[in-house]
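Here are my notes on the ligand site, for you to read next to the model. Have a look at the structure before you go through them.

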Amino acid sequence: MRILYLNGPNLNLLGTREPDKYGRTTLPEIEAKVRKRAEELKVEVEFRQSNVEGELVSWIQEAKGRFDWLILNAAAYTHTSIALRDAISAVQVPTIEIHLSNVHAREEFRHKSLIAPVCRGQIAGFGFNSYLLALEAVVSDNG
Ligand code: DQA
């Protein structure tokens, strides 16, 4: 099983970015935790981050036939990007939307996710554990 983790804008700043909301764990540290668990579960993971919407769109397109699942923290593009939503719809690779923070407990503009309707599900509010919980969801998925 091959799983592609995609991370959107500003997530490269984790560790120092608004730690009260996102914690103090950096993205490379989150990646290391995911890799450790993936090894235990005997699944393959790839981990990428981009601040550029079009790059994320291209990565989603390229995932078709190469990855079995996408785990996507689209960050602010969650709330704005029809392009990301259309890409997920187009490739039909099952996708889990994740967030570190509980977006529903924050500003109203974060309550709306344009990608949620085309995702299998959403995990939000568990800090870096959202990344690990998504992995558990993937490996225990029964359709
Ligand atoms: C986020 C939540 C988004 O609303 C925000 O724009 C982010 C991070 C999260 O992981 O909590 O950049 O996706």
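The points below go from the ground rules to the ligand and then to its pocket.

1. Ground rules. This is a predicted model, with local features needing pLDDT of at least 70 and side-chain atom pairs pLDDT 80 or more, while totals for chains, interfaces and linings use all residues. Numbering starts from 1 along each chain as its sequence is written, and side-chain values use heavy atoms, with hydrogens and water left out.

2. Oxygen distances. A polar side-chain atom of Ser101 is 2.6 Å from a ligand oxygen, and an N or O atom in the His99 side chain is 2.8 Å from a ligand oxygen. For Ala76, a polar backbone atom lies 3.2 Å from an oxygen of the ligand. The cut-off for a polar contact is a pair of N or O atoms within 3.5 Å.

3. Cover. On its own the ligand has 320 Å² of accessible area, and the protein covers 99% of that (Shrake-Rupley method, 1.4 Å probe).

4. The ligand takes up the space of the largest pocket (more than half of its atoms lie within 2 Å of the grid points). A pocket here is an open set of points on a 1 Å grid over the protein atoms alone, where a 1.4 Å probe fits, with protein on both sides within 12 Å along at least five of seven lines. Its volume is about 160 Å³, the space filled by probe spheres set on the points, which are joined across faces, edges and corners.

5. Pocket lining. The largest pocket has 15 lining residues, with Arg17, Tyr22, Ala75, Ala76 and Arg110 nearest its centre (lining means an atom within 4 Å of a point). The lining divides into seven nonpolar, five polar and three charged residues.

Conventions:
A polar contact is a pair of N or O atoms within 3.5 Å; within protein, one must be able to donate a hydrogen and the other to accept it, and residues adjacent in sequence count only if both atoms are side-chain atoms. Ala, Val, Leu, Ile, Met, Phe, Trp, Tyr, Cys and Pro count as nonpolar, Asp, Glu, Lys and Arg as charged, and the others, Gly among them, as polar.
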